[in-house]
Amino acid sequence: MAVIVTAGLTKAYPRVTALDHLDVTVGEGVTGLVGANGAGKSTLIKILLGLVPATSGTARVLGHDVAAEGARIRALVGYMPEHDCLPADVSASDLVVHLGQMSGLPYAAARERTSDVLRHVGLAEERYRPIGGYSTGMKQRVKLAQALVHDPRLVLLDEPTNGLDPSARDDMLGLVKRIGEEFGIAVLVTSHLLGELERVSDHVVILDTGRLLRSSATTDFLHATGSLLVEVQGRPDADRLLGQALVDAGLTARPAGGALIEVEVRDETTPDVVRDLTVDLGLGLVRMQERHHRIEDVFREGAAGSVHPV
Amino acid sequence: MSTPSESPVAPEPPGGVIHDLGYRPYAGPRLGEATVARSFFTTGLRNTYGLGRSARSKVLPMILLGLMLLPALILVGVLVQAKDLLGLDEQIVPYSTYPITTQLLISVFVAAQAPALISRDLRFRTITLYLARPMRRSAYVLVRFASLTVATFLLVAAPLLLMYVGGLLAGLPLARESGRFLGALVGAALLAACLSGLAALVSALTIRRGLAVAAVIVVLLVSYTVVVAIQGISYESGHETVGQVAGVFSPYTLVNGVQVVLFDSPEATATPPEGAAMGVLYVVATLLAVGGSLAGLMARYRRVSP
């Protein structure tokens with residue numbers, strides 16, 4: 001079921017066009033929204049929450065129109081802003097309880113849910129101390145907790161890994177994956193780092209200066225770039241022999257430096273074809289490994305010159 | 001001889017097992033707009049007196065509340081103990097005058113607590129978390145204004161209640177006192193709304209709390225001082241109309257004037273409003289002050305980016 005559907009969504013500010021006729025469909029599970037800074041990710045999220053009106057076009061979130069039913073949507077959606085938004089002088093526990101009530105939970109339920117979500121995001125005893133003394137990682141967890149406290153059907157996470165060190169970043173990405181898989185809450189997570197999202201998202205949407213560059217399942221990306229590195233021995237020109245045989249068999253193969261051959265993966269049977277051909281030629285297969293491929297490779301090779309993965 | 005009682009097989013010692021229940025969805029009720037607004041109002045009201053906040057933020061509002069009550073307590077004590085001795089047959093200080101007498105305390109309270117309630121959400125950008133929830137922007141503004149107004153009203157009305165109860169105990173006539181007291185409560189509500197509107201508007205224009213505190217203090221104290229000075233001069237020089245018009249420009253003299261007009265309360269200023277036209281001016285000015293502050297707040301929050 002589509003969680004978010006936009007059609008011709010456009011947002012023009014006096015100087016810039018933040019979104020340009022965007023048609024995107026987001027389903028259940030974790031969806032990564034990728035783009036350079038200023039690509040329109042945050043603008044899209046604010047339109048989806050009904051906080052900023054679109055210039056033209058329509059968007060529906062969980063079946064509700066963003067222009068007419070903003071309040072309904074905001075009751076069903078959790079939002080984690082990109083920027084700091086936590087008051088320094090209250091404890092995480094008190095804040096999340098209060099915001100749970102603001103989302104319509106009765107007080108007792110808000111307390112119980114707060115205790116649950118703070119445990120899920122990994123905030124222990126420090127939840128009773130004022131937020132002012134928290135590290136960036138802890139603050140990000142509180143921001144995530146307040147987005148989950150009312151058990152939303154969808155969470156919009158704007159750059160949740162911003163400012164985190166590598167290990168905190170891994171923790172946060174792990175949490176994002178858990179929210180989509182274990183909690184059963186649809187997730188739209190933005191990042192300007194393409195590589196970050198391949199690990200957690202089922203689907204990736206790429207924005208570039210307000211336009212949709214690409215939207216497809218993460219596995220498609222990996223599949224398309226999939227290639228095998230093959231090393232064979234037995235004869236001095238073993239690699240050329242195998243390479244020729246692979247090309248004859250209809251595969252795309254090219255020398256990859258040294259005695260290595262890089263073979264494009266066409267489908268599931270490609271490794272078997274490589275193995276069989278090697279055996280047929282009487283060569284020894286030293287190794288066959290998946291080439292380390294990432295989503296950004298697609299865009300490096302593709303036309304997306306303006307998306308710069310870091 | 002006793003047979004050793006058969007000791008039952010001890011059960012497995014309870015190990016400290018933590019059960020991870022996993023994620024539990026929430027299936028309970030979700031409250032509507034009105035209930036959410038009420039809960040937001042209550043939290044704001046409590047926060048204004050430092051309840052539910054750090055111990056440090058309770059100090060100032062509680063001290064101010066104590067200082068507001070202290071003179072009333074003394075007045076009541078004198079009234080009860082020495083009513084016959086001094087030949088008193090009414091309150092020593094009229095209800096309607098009390099807020100003017102204690103205007104410094106009230107101004108400090110409003111100046112300190114309006115930024116705590118208003119600037120805080122803007123400074124930390126917590127406003128985004130509210131806007132991302134079902135409550136509308138206008139509801140946010142109205143509820144914040146209401147919390148501050150009721151908190152200020154409680155500060156102004158608490159000593160009046162003390163004086164009223166004390167007056168009845170001292171044997172002052174019930175009907176007359178009740179009438180005056182109710183009039184004073186209306187005045188306290190108007191004063192609270194005026195002060196809160198002004199202070200909230202000033203606080204919403206800056207994200208720096210210190211600046212907001214100073215600005216509110218300056219606006220309230222300077223306006224009051226200037227108005228009182230002008231009224232004094234105009235009274236001395238016989239140009240009372242000037243003083244009457246000037247009275248519109250400070251919430252304290254304005255609301256006191258309204259009480260003079262509406263409830264025939266004893267005046268606390270040198271040049272209280274006289275005549276129907278001036279009375280209408282005072283009432284309209286009060287409504288404009290409250291309405292204008294609210295309109296300004298709405299306009300300000302329409303431009304707050306989420």
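How many helices and strands does chain B have? Chain B has twelve helices and zero strands, where helices (H or I, at least four residues) and strands (E, at least two) are DSSP runs numbered from the N terminus.

Welcome to this predicted model, in which local features need pLDDT of at least 70, side-chain atom pairs count only at pLDDT 80 or more, and totals for chains, interfaces and linings use all residues. Residues are numbered from 1 along each chain as its sequence is written, while chains are lettered from A and ligands numbered from 1 in the order in which they are written.

| Property of chain B | Value |
|---|---|
| Radius of gyration, over C-alpha atoms | 26 Å |
| Span of the C-alpha trace along its principal axes | about 105 × 65 × 35 Å |

Of its 306 residues, 43% are buried (20 or more other C-beta atoms within 10 Å of the residue's own, with C-beta atoms placed from the backbone).

Now for one helix pair. In chain B, helix α4 (residues 103-117) packs against helix α9 (residues 209-237) at an angle of about 150°, with the axes 8 Å apart. Axes are lines fitted to C-alpha atoms over the stretch in contact, and angles run from 0 to 180 degrees between N-to-C directions. That makes α4(B) roughly antiparallel to α9(B) (over 145 degrees).

Technical notes
Angles under 35 degrees count as roughly parallel, over 145 as roughly antiparallel, 65 to 115 as roughly perpendicular and the rest as oblique. The radius of gyration is taken over C-alpha atoms; the globule rule is 2.2 Å times the number of residues to the power 0.38. A residue is buried if 20 or more other C-beta atoms lie within 10 Å of its own, exposed if 12 or fewer, and partly exposed in between; C-beta atoms are placed from the backbone.
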